[in-house]
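Hi,

Here is the structure I promised to pass on.

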Amino acid sequence: MSFDSEFDAALRKSVNYLRKVRNQSAVALGSKIIDDTPFLTGALKGSWRSSPVVPNMTLEPRLTDEAGTVPKAELAQAVQKWPDEGSLWMTNSLRYSEGVEFDGWSTQRPGGMVRVNIAGRTDFADLHTGT
């Protein structure tokens with residue numbers, strides 16, 4: 001095997017590993033946001049939408065169970081389709097989601113669900129790389 005082919009193989013292996021860490025980290029963070037979304041009827045938690053490249057701005061509420069099974073499954077599918085060049089989007093278009101996130105409208109999560117999970121969560125990549 002030539003140096004060039006060995007280098008190319010090592011590079012491909014590194015890129016695949018980085019993609020795996022990126023995907024695992026995205027699922028872990030997104031799942032935590034869904035878990036921390038207040039649950040009353042299931043509409044707010046169920047209305048998390050995940051999509052690669054462009055945001056899913058569906059306005060129709062979607063119900064889910066307290067575990068957030070439906071939005072977590074959609075998140076996992078979106079991550080699998082997430083191209084190397086592009087963004088992964090998580091949106092929640094329910095009218096009151098902004099008040100829950102920024103204005104303390106929920107006694108269950110007065111600090112919101114997105115900001116508290118992003119703040120200080122640089123450890124997700126560390127958890128998946130073992131450092």
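This is a predicted model: local features need pLDDT of at least 70, side-chain atom pairs count only at pLDDT 80 or more; totals for chains, interfaces and linings use all residues.

Below is what I found, going from the whole chain down to single residues.

**The chain as a whole**

The protein chain has 131 residues, and 33% of them are buried. Its C-alpha atoms fill a box of roughly 60 × 30 × 20 Å along the principal axes. You'll find six helices and two strands, and from the N terminus on the order is α-α-β-α-β-α-α-α. If you take the contacts between residues at least 6 apart in sequence, 64% of them join residues at least 24 apart.

**Helix 1 against helix 3**

I started with this pair. Helix 1 covers residues 3–35 and helix 3 covers residues 69–81; their axes are 10 Å apart and the packing angle is about 160 degrees. Angles over 145 degrees count as roughly antiparallel, so that is the label for helix 1 and helix 3. The crossing of helix 1 past helix 3 is right-handed.

Which residues meet there? On the helix 1 side they are Asn23, Ala26, Val27, Gly30, Ser31, Ile34 and Asp35, and on the helix 3 side Pro71, Lys72, Leu75 and Val79. By type, the residues of this contact split into six nonpolar, three polar and two charged.

**The core**

Ile34 turns up again in the largest nonpolar core, which has eight residues. As a reminder of the background, nonpolar side chains in soluble globular proteins tend to be buried together.

Not counting residues up to four places away in sequence, Ile33 touches Trp48, Met90, Met113, Val114 and Asn117.

Next, Pro52, which is in strand 1 (residues 48–52). Pro52 and Trp82 are 30 residues apart along the chain, yet their C-alpha atoms are separated by 5.0 Å. Apart from neighbours within four places in sequence, Pro52 is in contact with Ala78, Lys81, Trp82, Pro83, Ser87 and Leu88.

Then there is Val53, in the loop between strand 1 and helix 3. Val53 is not a glycine, but has a positive phi of about 75 degrees. Is Val53 buried or partly exposed? With a relative accessibility of 46%, Val53 counts as partly exposed.

Pro55 is in the loop between strand 1 and helix 3 as well, and at 34% relative accessibility Pro55 is also partly exposed. Leaving out neighbours within four places in sequence, Pro55 is in contact with Trp89 and Thr91.

**Ser93**

Last stop: Ser93, in the loop between strand 2 (88–92) and helix 4 (97–102). Why does Ser93 count as buried? Its relative accessible area is 19%, and the cut-off for buried is under 20%. Not counting residues up to four places away in sequence, Ser93 touches Ser47, Met57, Thr58 and Leu59.

Happy to go through any of this with you.

Cheers

Key. Residues are numbered from 1 along each chain as its sequence is written. Side-chain values use heavy atoms; hydrogens and water are left out. Axes are lines fitted to C-alpha atoms, for helices over the stretch in contact, and angles run from 0 to 180 degrees between N-to-C directions. Helices (H or I, at least four residues) and strands (E, at least two) are DSSP runs, numbered from the N terminus. Angles under 35 degrees count as roughly parallel, over 145 as roughly antiparallel, 65 to 115 as roughly perpendicular and the rest as oblique. A crossing is left-handed if the near helix is turned anticlockwise from the far one by less than a right angle, and right-handed if clockwise. Contact means heavy atoms within 4.5 Å. Ala, Val, Leu, Ile, Met, Phe, Trp, Tyr, Cys and Pro count as nonpolar, Asp, Glu, Lys and Arg as charged, and the others, Gly among them, as polar. A nonpolar core is a set of buried Ala, Val, Leu, Ile, Met, Phe, Trp, Tyr and Cys residues joined through side-chain atoms within 4.5 Å. Buried means under 20% relative accessible area, exposed over 50%, partly exposed in between (1.4 Å probe, protein chains only).
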